Amino acid sequence: MAGKQPKDAFPLLKSAEILQCLNELGIASSEDDLLHPTGLKVQHIYASFNELLLHRKREDMAQPDFEGLQELEFPELHEQSVPMIGFLSACQKLMAIAGVGDFTMSDLIKPEARRVRRSLSAVINLAKYHEDKLPGYMQFSQETDALLNAKASLEEESERLLSARRQAEQRRAEEEPALQQMEAENEQRQVTVRELFNSHTAILNESHALKAKVQETRDASRGLSFELLNAREEAESLRKQIAPDPRALKDELQALHDAVALEKAALKSLEGKCSDAAKGAAAIEAAEGQLDELARLQAEAEAEAHRLKETRRGIKAVAGSTLGLETERAELAHQVRAVTQRIGHCKERLERQKEQHAAKEEDARAALSLAERQWGELSEERERHERQQDDSELALRELRDKHLYARMEHEAVAARLQQLQQKLSLQVRAYHQTVLSAMGSASESTQGLAAQGVAC
């Protein structure tokens with residue numbers, strides 16, 4: 001809503017536009033307030049803008065309990081001047097932000113319509129800029145609050161993870177002696193299991209050898225019993241066949257007694273071997289019992305080893321979870337740093353934008369003053385050009401007349417030149433024909449002289 005060509009860094013609005021903007025902002029005013037402004041009305045309007053843009057009420061600017069007020073000669077005179085000075089300072093701050101640097105006390109007490117229009121145009125322009133940038137500012141504020149909340153939650157989560165990690169490390173430190181003791185016991189039991197397994201293997205081999213010997217002894221005893229039975233049957237058959245001879249019978253009986261004694265001795269030796277085999281069998285049974293005990297101990301050792309593996313696996317899992325917690329904590333710390341950096345970047349970008357806005361405002365003011373000077377110079381230059389244009393039109397008409405006359409003379413000269421060119425071309429053509437005929441005659445005479453020279 002631009003009015004006339006602005007003289008400041010903001011557009012100078014018309015009265016209707018100012019009234020419309022004031023009504024949209026909820027500030028009651030009329031056209032007479034702008035054309036014939038009063039101090040009270042202008043102060044009310046400026047106070048509304050201070051509250052809208054700077055969030056400062058006029059009641060907050062007053063200082064009725066000013067320290068040292070009673071020390072003055074007439075303190076009642078300053079009970080109103082002090083709040084007015086505070087209000088003037090706030091208005092000057094607002095106007096400086098809006099681009100009006102020459103706002104004084106007279107603009108509040110004895111306002112002029114022209115200056116009121118200029119000041120309100122600047123403040124309305126600032127209000128429009130504030131309204132345009134407010135959503136972005138609110139969005140950045142919400143994002144900043146969300147990032148701060150996320151940062152706080154991440155810090156809490158990081159603290160919780162650190163506490164869990166410390167507890168896990170403490171439990172691990174507490175379980176470390178028991179783990180070392182269990183590993184030492186497991187190593188001792190593994191040595192015992194290996195020794196028992198070796199002795200079990202040796203006893204088992206010995207048991208197999210003893211069982212083989214017992215079987216051989218039993219087979220030999222059965223063979224001897226069978227041979228003794230055959231010998232008795234054979235002796236009985238021989239006794240029946242041979243006539244009885246007392247001497248021979250005695251000798252035979254003696255031999256039989258000797259054989260029987262030998263057989264008894266062999267039988268006793270076999271019985272001793274059987275008893276030895278029985279003892280070996282008992283030893284084998286005892287060894288088998290020991291082997292069962294060893295198997296039980298081996299199963300217990302395997303169970304202990306399995307528990308040890310499970311414990312190690314649990315320790316590895318705790319270490320892995322601790323590493324994962326450390327990684328997650330590092331990621332959370334990285335996110336917190338990234339959020340902090342983004343907030344810093346946003347603040348820096350906002351500061352840069354403010355600086356750029358101030359620099360652009362200064363440049364715009366300088367450019368405006370330069371444009372005004374150039375406008376005056378251009379106005380003078382325009383008048384001078386208008387006068388020159390009139391002179392140029394007169395000269396142009398004269399030049400056109402001269403050009404027409406010169407064109408007519410040029411056409412006449414061109415016609416004469418064309419005639420001369422035609423005559424010259426005819427003369428050149430006749431000259432060429434003369435030269436060609438002369439050259440032909442010279443060529444014929446040269447050929448004739450050459451023929452005469454040949455003939456001679």
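Residues are numbered from 1 along each chain as its sequence is written. In this predicted model, local features need pLDDT of at least 70 and side-chain atom pairs count only at pLDDT 80 or more, while totals for chains, interfaces and linings use all residues; side-chain values use heavy atoms, with hydrogens and water left out.

Helices here are DSSP runs (H or I, at least four residues), numbered from the N terminus. Helix H1 covers residues 15–24, and its buried residues include Glu17, Ile18, Leu19, Cys21 and Leu22. Buried means under 20% relative accessible area, exposed means over 50%, and partly exposed lies in between, with a 1.4 Å probe and protein chains only. After H1 comes Gly26, which has a positive phi near 85°.

The structure holds one aromatic pair. The ring centres of Tyr46 and Phe103 are 5.4 Å apart and the planes stand at 75°, so the pair is edge-to-face. Rings of Phe, Tyr and Trp (its six-membered ring) pair if their centres lie within 6.5 Å; planes under 30 degrees apart count as stacked, over 60 as edge-to-face and the rest as tilted. Distant parts of the chain are linked by this pair: Tyr46 lies in helix H3 (residues 39–54), and Phe103 lies 57 residues away in the loop between helix H5 (78–98) and helix H6 (106–109). Both Tyr46 and Phe103 are buried.

There are eleven salt bridges in the structure, each a side-chain nitrogen of Lys or Arg within 4 Å of a carboxyl oxygen of Asp or Glu. One of them joins Arg118 to Asp102, with the closest N and O atoms 3.1 Å apart. This pair also links distant parts of the chain, since Arg118 belongs to helix H7 (residues 113–241) and Asp102 to the loop between H5 and H6, 16 residues apart. Arg118 is buried at 18% relative accessible area, whereas Asp102 is partly exposed at 35%. Asp102 and Arg118 also belong to a network of salt bridges with Asp107 and Arg115.

Another salt bridge is formed by Arg114 and Glu112, whose closest N and O atoms are 3.9 Å apart. Arg114 is exposed, with 58% relative accessibility, and Glu112 is partly exposed, with 44%.

In helix H8 (residues 246–455), Arg313 and Glu310 are three residues apart, so about one helical turn separates them. Their side chains form a salt bridge at 2.7 Å, N to O. Arg313 is partly exposed at 47% relative accessible area, and Glu310 is partly exposed at 38%.

Methods. Helix = DSSP H or I, 4+ residues; strand = E, 2+ residues; numbered from the N terminus.
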